[in-house]
Amino acid sequence: MTSRRQVLTQSAALIGAASAGMVLPARAQSTKIRIGLMLPYTGTFAQLGIACDNGFRMALEEKGNKLGGKDIEYFKVDDESEPSKGVENANKLVQRDKVDVLVGTVHSGVQMGIHKVARETGVLNIIPNAGMHAATRALCAPNVFRTSFTNSQPTLALGNVMVQKGHKKAVWITWKYAAGDEAGEGFKQGYLAAGGTIVKELGLPFPNVEFQALLTEIASIKPDAVACFFSGGGASKFIRDYAAAGLAGKIPLYGSGFLTEGLLDDELAPSAQGIITTLHYSTSLATKRNDAFRLAYAKAFKMQPDVYAVQGYDAGQLLIQGAAAVNGDFSNKKTLYTAMENAVIDSPRGKWTMSKAHNPVQDMYVRVVKGKENVVQGVAAKALSDSGAGCKLA
Ligand code: BEZ
């Protein structure tokens, strides 16, 4: 496997050459497939970006690091989950490094920058996490594919689970940015349809973690339950603060599965017991496919995988299927995209297919935190497809 140091050295050499005014190798002379990874490697979502990167590289490593018979070369940019640098960072990979495919990213705000560049340049973009609706709705594009979810997919399945448990009056709380707002849309749609009422919507800017005043407000409202969208380091802090405020065990906490995903270590687990979430993966899925994936991932990276690793891995699997159909000739776009559209991904989450708008059609699981695991209790929604509203691809 190409080491992180090697990749960094290669990227640094290219940046150095560019800034010294040297002529970079012409794109046409390259026989390798150039893969750009634009992910957060620092900040609140660093753990998520690294997991996507790990999973993607693992899928390619399993195929001898070849795509359609060709060697590959990685280029990497840390997007820091910083939306204001999204376009500039995507252009580093597309214009400077001349990548054949851009794999990224995690944060919906940054994805908007990548999406602009992908639509303007036509570069193939595989989204391994960010759920911004527009990418596979009104602004869908033939060259943009997602292996994760739309922001409202996991929360759409949550409301019914809560009402089934008798929790009919809820507070919704989130970071106020595209992902949180769209997760809220999904929650509202599912919860109201199931007969629930949202008594208050609370929010704070991303990546703010000053939850205290909001938790005090929740305590005074006394809803039947709280539902939320948080992820990464901020989610961990929210769970700990929720418990410290004396709310755990009194007002049940629910969320899209990002709330607890990849976070249940010795320190956090005691505060997280009993939290119920909906998501398209759990390490606890008892399938041969998932067992083999977990084992291989743990061997390669000395840690357990999570949903972000699975989405990165599936981005690799999708690209492998596309590249095989064109024998590594990425200029054959029509055949490449058709193969990716028709791909069946044998994922650790369960097999899934692409919707017409290029978003996974997948099962949503109900999970409950027990010990240090999100234990699957059942399927909240089978073969859930996003609406793809406004997408005119098909
Ligand atoms: C997003 O910004 O789209 C996002 C980030 C983390 C988890 C889920 C969604």
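1. A salt bridge is taken here as a side-chain nitrogen of Lys or Arg within 4 Å of a carboxyl oxygen of Asp or Glu. By that criterion E373 and R294 form a salt bridge, with 3.6 Å between the closest N and O atoms. Between domain 1 and domain 2 the count is 1 salt bridge.

2. On provenance: the model is predicted, so local features need pLDDT of at least 70 and side-chain atom pairs count only at pLDDT 80 or more, while totals for chains, interfaces and linings use all residues. Residues are numbered from 1 along each chain as its sequence is written, and side-chain values use heavy atoms, with hydrogens and water left out.

3. The domain assignment, whose bounds come from an automatic or database source, gives domain 1 as 2-149 + 287-354 and domain 2 as 153-279 + 365-384. The C-alpha centres of domain 1 and domain 2 lie 29 Å apart. To their contact (heavy atoms within 4.5 Å), domain 1 contributes 19 residues and domain 2 contributes 21 residues.

4. Buried area is the accessible area, computed with a 1.4 Å probe, that two parts lose on being put together, summed over both. Domain 1 and domain 2 bury about 1,500 Å² between them, and 58% of this is on carbon and sulfur atoms. Within domain 1, the residues that lose the most area to domain 2 are T44, H133 and F149, which together account for 33% of what that side buries.

5. On the side of domain 1 that touches domain 2, α2 (46-62), α4 (108-121) and α12 (307-325) each supply at least two residues. Of the elements on that side, α4 gives the most, with 3 residues. Helices (H or I, at least four residues) and strands (E, at least two) are DSSP runs, numbered from the N terminus.

6. Which classes of residue make up the side of domain 1 that touches domain 2? They divide into 7 nonpolar, 8 polar and 4 charged. In this division Ala, Val, Leu, Ile, Met, Phe, Trp, Tyr, Cys and Pro count as nonpolar, Asp, Glu, Lys and Arg as charged, and the others, Gly among them, as polar.

7. Side chains of opposite charge can pair when their charged atoms come close. A search of the whole structure finds 17 salt bridges. One of them joins R367 and E261, at 2.9 Å from N to O. This pair links distant parts of the chain, 106 residues apart: R367 is in strand β14 (residues 360-370), and E261 is in the loop between β10 (253-256) and α10 (269-272). For accessibility, buried means under 20% relative accessible area, exposed over 50%, and partly exposed in between (1.4 Å probe, protein chains only). R367 is buried at 0% relative accessibility, and E261 is buried at 4%.

8. K382 and D363 also meet in a salt bridge, at 2.8 Å from N to O. Because K382 lies in strand β15 (residues 373-384) and D363 in strand β14, the pair ties together parts that are 19 residues apart in sequence. K382 is exposed at 63% relative accessibility, whereas D363 is buried at 19%. In a further salt bridge, D181 pairs with K176, the closest N and O atoms being 2.9 Å apart; D181 is partly exposed at 35%.

9. Most residues other than glycine have a negative phi, and most peptide bonds are trans. The bond joining G104 and T105 is cis, with omega about 5°, and T105 lies in the loop between β4 (101-103) and α4. The peptide bond from F206 to P207 is also cis, with omega near 0°; P207 lies in the loop between β8 (197-204) and α8 (212-221).

10. Two non-glycine residues with positive phi deserve a comment. S81 has a phi of about 55° and lies in the loop between β3 (70-78) and α3 (86-96). Is S81 buried or exposed? At 7% relative accessibility, S81 counts as buried. K222 has a phi near 55° and is found in the loop between α8 and β9 (225-229). K222 is exposed, with a relative accessible area of 63%.
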